[in-house]
There are 2 protein chains.
Amino acid sequence: MYQLLAQDPHSKARAGLITTDRGVIETPIFMPVGTQGTVKAIEQRELLELGAQIILGNTYHLYLRPTEDVLSKMGGLHKFMNWQKPILTDSGGFQVFSLKELMKLTEDGAAFSSHIDGSKHFFSPERVMEIQRCIGSDIMMLLDECTSFPATHDEAKRSMERSMRWAQRCKTALEGSEPRYGARQFAFGIGQGSVYKDLRRESLETLINIGFDGYAIGGLAVGEKAEIMYDIVDFSTDYMPQNQPRYLMGVGTPQNILSCIERGVDMFDCVMPTRNARNAQLFTTTGRINLRNAKYRFDETPIDAGLENYASTNFSRAYLRHLFMADEILALQLASQHNIAFYLWLARTARQHILEGTYTAWKRSFLEQWYPQ
Amino acid sequence: MYQLLAQDPHSKARAGLITTDRGVIETPIFMPVGTQGTVKAIEQRELLELGAQIILGNTYHLYLRPTEDVLSKMGGLHKFMNWQKPILTDSGGFQVFSLKELMKLTEDGAAFSSHIDGSKHFFSPERVMEIQRCIGSDIMMLLDECTSFPATHDEAKRSMERSMRWAQRCKTALEGSEPRYGARQFAFGIGQGSVYKDLRRESLETLINIGFDGYAIGGLAVGEKAEIMYDIVDFSTDYMPQNQPRYLMGVGTPQNILSCIERGVDMFDCVMPTRNARNAQLFTTTGRINLRNAKYRFDETPIDAGLENYASTNFSRAYLRHLFMADEILALQLASQHNIAFYLWLARTARQHILEGTYTAWKRSFLEQWYPQ
């Protein structure tokens, strides 16, 4: 599934290819988040135009709406949403665990009430694999227990161990079921263990023993300091196979992403570019800006002259600011396109520099101008 | 400005061309409404793709936001919103009069408080022309008094007469000012007179005596029955010059538009396609549908196979329904594109049939399948 193309001479950054039946993904890659079968405010043809190679879906949300019967009848999520490239689905565990008092956790799985209509449901490791089969995800994520933060070593250990038992059950379920809609469905294990390196190592070794197509680092970006996150990522990638993809879940800022590419991660996803876009917060090639700031009222410069897509180059900051002030939907569309364009540009540019052996120098100079001191 | 190309042999329907410095408009035409410098939820490149030839802006809204100083600095609305084709601006009178208790009307004009921040403003006929000069509208509408409905003959007469005095003041203001941004700025007079034919005639004759580039029928679609509206339109077009454009303001449903094309109208605008789209109500070539209806849950057919644009043909009704049920922004985008595509298709198809001399027969058969009895 993974082919290593280049290794940065000064860091653990690596460039490679992930091959799925619906397309080859150039890594490092940023994956736009399309929770409910749409990347918010962006059309599918626009995702292609911006260079998206893989997007995310969310098992919890898609299970509740449109539901498995619709997805199954429509031939899976790809056909339903008219997106032919790869889709990775999150297991939905994170959303279910966020329901707190609406959720009851046992060794068997999680019973929960829908946030939409209060109806009762149950997610077990096996059930979550079955739903992802029905969605038709190219990459399925195992159901794991999201360890809360902060956690004591004991709490983190008990939680991680349950996730590992669930990983084995997911594996068994996968072996007893078939991929749907004619394409292979890969599955990634998720390393847990909070901020404790011995647990992180044990978790990854357990997963590798069970054997998955790729490995993710879970349970980070949940409130710990960036330096701790970087340290755990750096430690974890040492225990992840060289010949398989590595995915850091839910991370993060541009600085986070570049720092974790440097530590050997291939795949990233985050709601930040689309969510911040809807709040008028733009990531541009020259820094972050908030368009609600009055200083952009007369700003004739394009949203971002450093990019090449429609939204970033064809409209002034003054116009986009006006759209936000006037509560216009087009504001959300243009800002979301722009922020996704920026994140995809960031991963693409990082990759180019890894291929050229200039990653660490580029990263340093880019961040120096991006976060001026 | 207007060139008559064809006259339907069985009705007053006509096909023509309106020439502005920013493009030639093929009539009959539907003009998408872009109140605040954006047609809600549709990108400018998409408007071009759908075949929009002219869009509307609103003087009241643009005056309050982004304001004249921004528009002037940015080189006018076309440049500000990156739309190179013609723009027609409504005078803003309709919005100001809708403010009711926040508005005070005198012979000089209308004093009002902003709906945004309560600040005090004054629109006179002269001021509204000045603002439209600043916007850079290709077609400016005069400030008129919107006669309430129902109105007695006396009320309608007094109101119409004031609008006619204002029309003369607009004309004088236009003669004393220059077009901005290097393109001609045409001005249309607006016939009033409620449902009274003698007043309608007097109003149009007065406007034609003053002399404008085109003439509009105002004060309709305000609560009167469709048959009365059709009758007033039919009567009015008899008094409108053959060699100038005729614009029926704020109308309407597909049936309204086809019926008024038949009565000699060239130009239409209405918020219905975009507003209804945002409520999941679609106009399709085979009828109206509401996607919140459960029967579309498994509907694999395209939104409208009778059209050729991206939104209408690339997504199933089931998918668009899902986007509405999940409150996704993409629902608004795809539905708005589709409805505007339908309205533009309707005007284009009507025009084609006028050119071929088959308008009345086509209109009858289209509406028979569209509103089945």
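Within chain A, 67% of the contacts with a separation of 6 or more join residues 24 or more positions apart; two residues are in contact if their C-beta atoms, placed from the backbone, lie within 7 Å. This is a predicted model, in which local features need pLDDT of at least 70 and side-chain atom pairs count only at pLDDT 80 or more, while totals for chains, interfaces and linings use all residues. Residues are numbered from 1 along each chain as its sequence is written, with chains lettered from A and ligands numbered from 1 in the order in which they are written.

Now to the overall form.

| Domain of chain A | Residues |
|---|---|
| domain 1 | 2–266 |
| domain 2 | 271–367 |

The centres of these two domains of chain A, taken over C-alpha atoms, are 26 Å apart. Domain 1 of chain A brings 32 residues to the contact and domain 2 of chain A brings 25 residues. On the domain 1 side, α10(A) gives the most, with 5 residues; helices here are DSSP runs of H or I with at least four residues, numbered from the N terminus.

Technical notes:
Domain bounds come from an automatic or database domain assignment. Helices (H or I, at least four residues) and strands (E, at least two) are DSSP runs, numbered from the N terminus.
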